[in-house]
Amino acid sequence: MPGSRPFSCDVCCRAFTRSENLGRHKKTHHGGAEAQSFECPKCQAAFSRRDVLKRHADRCTGYARNHSSNRPRKRARTSASIVPNVSPPEGNDDTSPHVNGGEIVFHTPEEISNLLLPTDPLINIPANEISDFMESYFTHFHPALPILHRTAVTPSTPPIMLRVVVAIGCLYAGRRKTTDDRDRFHQLSQDLWRSGGYELEALVINDRQLFRTNWVLQSWLLYTVYGNFSGDDRLVSKSRKMYRFLTDAIRELDLLHQRNALPAATLWTNNLDLSLQFDEAHVHHKWQEFIAQESLKLALYAFFFFDYHLFVSCNGRPAVSAIEFEWGLPKASPLWEADSALAWWAVLQDGHQGLGSYRLEHLREEPDMRSIMAATQALLSASPSIQLLALLAVSPFATLCIVTNLECLVKDFTRCYYQLPPNLSDPNPFHVLTQAQNSQVSAALGLIWGVTGDGPCVSCSEECKSLWHAVRIGCLSTKISLSTPDDLLVAGLVESNSTAGLATAAHLTLGDYVTTRRSGLGVNDSTIHTLGEALKVMHEMSMPHPSAAWEGPWLSIQAFRVLLVLWRILRTSTAQIQNESPPDSIRYPTHFRPAAAVIEGVVSALRIYSNSQSISSLSSDAQEAVEHLEDQYMQWMHQICDRRDVWDVGQSMTKVLEEIYDMVTE
């Protein structure tokens with residue numbers, strides 16, 4: 001058959017049209033250290049082919065030798081995919097250090113110590129701390145970005161990946177330490193990022209094919225995300241270069257299309273029959289196939305997700321559109337989070353853990369589940385399949401990516417709209433889409449909101465579903481974008497990083513630069529709609545838990561931008577109340593005062609969410625009530641920033657608020 005690939009690799013998911021291509025692939029990617037017979041004299045990097053070594057030598061700087069001269073001349077394991085470090089149990093043999101009756105057992109400090117190389121930066125960290133840092137990663141960061149399977153981080157994990165996992169976990173572990181320990185943890189975290197990031201770059205820079213290896217792609221994404229939200233200008237610059245390199249590589253390798261990256265003949269759902277009697281060896285094999293293929297899918301969806309969130313906060317445009325990203329939606333979260341083959345099989349069989357109608361027969365992808373664009377179009381047309389809605393209810397990361405695509409769509413419309421002259425037939429300066437388009441987006445967001453559960457989250461304990469929290473904030477941010485465009489976008493400003501973009505947006509809230517581009521922002525009936533959505537974001541950001549460590553920094557930035565919109569509405573309403581007619585003048589009765597409604601809404605929210613007990617109502621003395629309301633709102637935002645103290649976002653926003661507070665009081 002034309003286009004068929006009959007020669008499949010028995011280690012990874014790739015297939016080839018000719019046997020010699022398969023042999024070359026296995027020698028290059030699965031041959032191990034003994035197959036790397038061509039070594040670079042500058043940096044000791046080893047290659048399986050002379051021509052690859054020649055291309056490498058032309059651009060080699062000798063960096064690896066200068067920084068790791070004592071490292072054994074041995075390449076890190078680069079298996080084509082991350083599969084669980086388990087094997088089917090034989091009889092009652094439980095001697096494997098990672099398998100106990102089919103359950104994954106977390107590695108011990110002794111196992112970690114035995115597998116670290118003498119020159120590895122991790123060797124200076126006590127093994128028990130490494131274990132704690134990895135546990136901290138999965139407890140706090142993994143719920144916000146579930147791209148690693150828990151079985152992927154084991155003592156045999158490539159050191160490059162282990163470093164970024166430990167670096168992120170180190171940040172979370174240090175948040176409750178003393179100042180000295182926290183500074184030590186922060187410095188250790190950045191040192192791990194630098195050593196691992198440069199070693200990863202040296203590994204991949206001359207062989208982009210390595211991005212087909214799951215752990216390489218996952219590690220590259222984690223290093224990029226860490227650097228972008230680190231707050232260090234050098235790390236931010238480096239991570240952005242890494243992201244651009246990754247974008248080019250993914251396009252070059254044609255990884256944006258599932259049919260090329262994972263041919264249909266290799267999918268884990270093939271030959272899967274739940275009616276057969278349970279067979280441990282077969283189930284373990286299928287589980288490993290699922291983890292390998294879903295790891296690649298989730299990593300690429302994370303790439304698509306951050307293509308928007310790494311740049312939107314500084315008014316950059318995404319590099320990848322949903323049109324060219326053709327991957328089926330991620331599978332149900334309980335399948336991905338299953339910690340053993342037996343648990344995974346149970347989820348498949350009877351839909352435990354809230355899968356509801358998501359059964360095996362729904363594992364086949366309906367047309368609106370085959371890509372994020374198809375799912376978005378189905379939701380916009382208010383005609384999604386039952387299978388799609390069932391999947392979204394149990395796959396929060398898939399739902400979050402669809403919300404991100406909707407918000408990106410609205411921003412693209414806005415960007416195009418503001419290049420046109422004002423429309424005299426539509427005097428409102430902030431109408432972006434037509435009424436029909438607004439209805440379509442609102443209907444899609446309504447369907448998504450319906451699968452998130454019974455309204456906003458009411459608890460922020462460790463059991464809180466961080467991804468559903470992100471979905472709700474994404475929905476609210478998108479709805480607000482329909483009527484209140486982004487300040488940086490309208491002002492035509494592009495910042496260099498996320499923190500700078502957030503600071504600029506905060507300062508724009510104080511002035512009229514944005515509104516001079518159009519006819520100005522007033523307080524009217526449409527403002528009340530924005531107020532309602534912004535107050536819901538206040539609720540989402542005011543959880544009673546003492547910290548919000550489970551919230552990704554990208555989500556904090558998105559929510560802060562909405563709170564800045566609310567701040568601007570509050571400032572406008574306050575000014576309108578203060579400029580009303582004096583008490584001794586004739587005042588005509590009105591049934592509805594939008595400015596007063598805004599102030600009353602914010603006052604009520606601050607009474608619930610802030611620690612201040614001195615917030616007065618507008619019904620007592622209007623002038624006295626609004627005089628200190630802005631200060632009280634800024635103090636509440638200060639509390640919100642203090643809770644988000646793991647990444648640089650909260651600390652930087654605190655500094656910006658203090659600077660603005662000084663300007664306002666002066």
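A residue is called buried when its relative accessible area is under 20%, exposed when the area is over 50%, and partly exposed in between. The model is a predicted one.

With that cut-off, the buried residues of helix 17 are Val-441, Ala-444, Leu-445, Ile-448 and Val-451. They lie on the same side of helix 17, because they cover an arc of only 120° around its axis. An α-helix has 3.6 residues a turn, so residues three or four places apart point the same way. The exposed residues Gln-435, Ala-436 and Gly-450 sit on the face of helix 17 that is turned away from the buried side. The partners of the buried residues are helix 14 (372-380), helix 15 (386-394), helix 16 (396-417) and helix 18 (466-481). Helix 17 itself runs over residues 435-451, and its end C-alpha atoms are 25 Å apart, which agrees with the 24 Å that 17 residues should span at 1.5 Å a residue.

The wider setting is as follows. The protein has 26 helices and six strands. Of its 666 residues, 55% count as buried. Among contacts with a separation of 6 or more, 72% are between residues 24 or more positions apart.

The largest nonpolar core has 166 residues, and the members that touch the most others are Phe-141, Phe-211, Trp-344, Trp-554 and Tyr-633. Helix 11 (residues 280-312) supplies the largest share of this core, 16 residues. What does Phe-141 contact, leaving aside its neighbours within four places in sequence? Its contacts are Ser-136, Ile-168, Tyr-172, Leu-222, Val-225, Trp-554 and Trp-647. His-309 belongs to helix 11 and counts as buried, because its relative accessibility is 6%.

Helix 22 covers residues 553-578. Its 26 residues reach 37 Å from the first C-alpha to the last, close to the 38 Å expected at 1.5 Å a residue. Is this helix largely enclosed or largely open? Helix 22 is largely enclosed by the rest of the structure, because 21 of its 26 residues are buried.

Helix 9 (residues 233-252) has 20 residues and spans 29 Å between its first and last C-alpha, close to the expected 28 Å. At its start, a side-chain oxygen of Asp-232 comes to within 2.9 Å of the backbone nitrogen of Arg-234.

Asp-254 follows helix 9, in the loop between helix 9 and helix 10 (258-261). Its phi is near 60°, a positive value in a residue other than glycine. Asp-254 counts as partly exposed, because its relative accessibility is 28%. Asn-315 also has a positive phi, of about 65°, although it is not a glycine. Asn-315 is found in the loop between helix 11 and helix 12 (333-337). Is Asn-315 buried or exposed? Asn-315 is buried, with a relative accessible area of 11%.

Asp-183 is in helix 7 and is partly exposed, with a relative accessible area of 49%. Asp-183 and Leu-171 are twelve residues apart in sequence, and their C-alpha atoms are 9.8 Å apart in space. Leu-606 lies in helix 23 (residues 594-609) and is buried, with a relative accessible area of 0%. Between Leu-606 and Leu-535 there is a separation of 71 residues in sequence and of 9.9 Å in space, C-alpha to C-alpha.

The cysteines come last. A disulfide is a covalent bond between the sulfur atoms of two cysteines. How many disulfides does a search of the whole structure find? The search finds zero. Cys-401 is buried, with a relative accessible area of 0%, and Cys-408 counts as buried at 14% relative accessibility.

How values were computed. Residues numbered from 1 in each chain as written. Predicted model: local features only at pLDDT ≥ 70, side-chain atom pairs only at ≥ 80, totals over all residues. Heavy atoms only, no water. Helix = DSSP H or I, 4+ residues; strand = E, 2+ residues; numbered from the N terminus. Expected span 1.5 Å × (residues − 1). Buried < 20%, exposed > 50% of the residue type's maximum accessible area, 1.4 Å probe, protein only. Disulfide = S-S within 2.5 Å. Core = buried A, V, L, I, M, F, W, Y, C linked by side-chain atoms within 4.5 Å. Contact = heavy atoms within 4.5 Å. Arc of directions from axis to C-beta. Polar contact = N/O pair within 3.5 Å; in protein donor to acceptor, adjacent residues only side chain to side chain.
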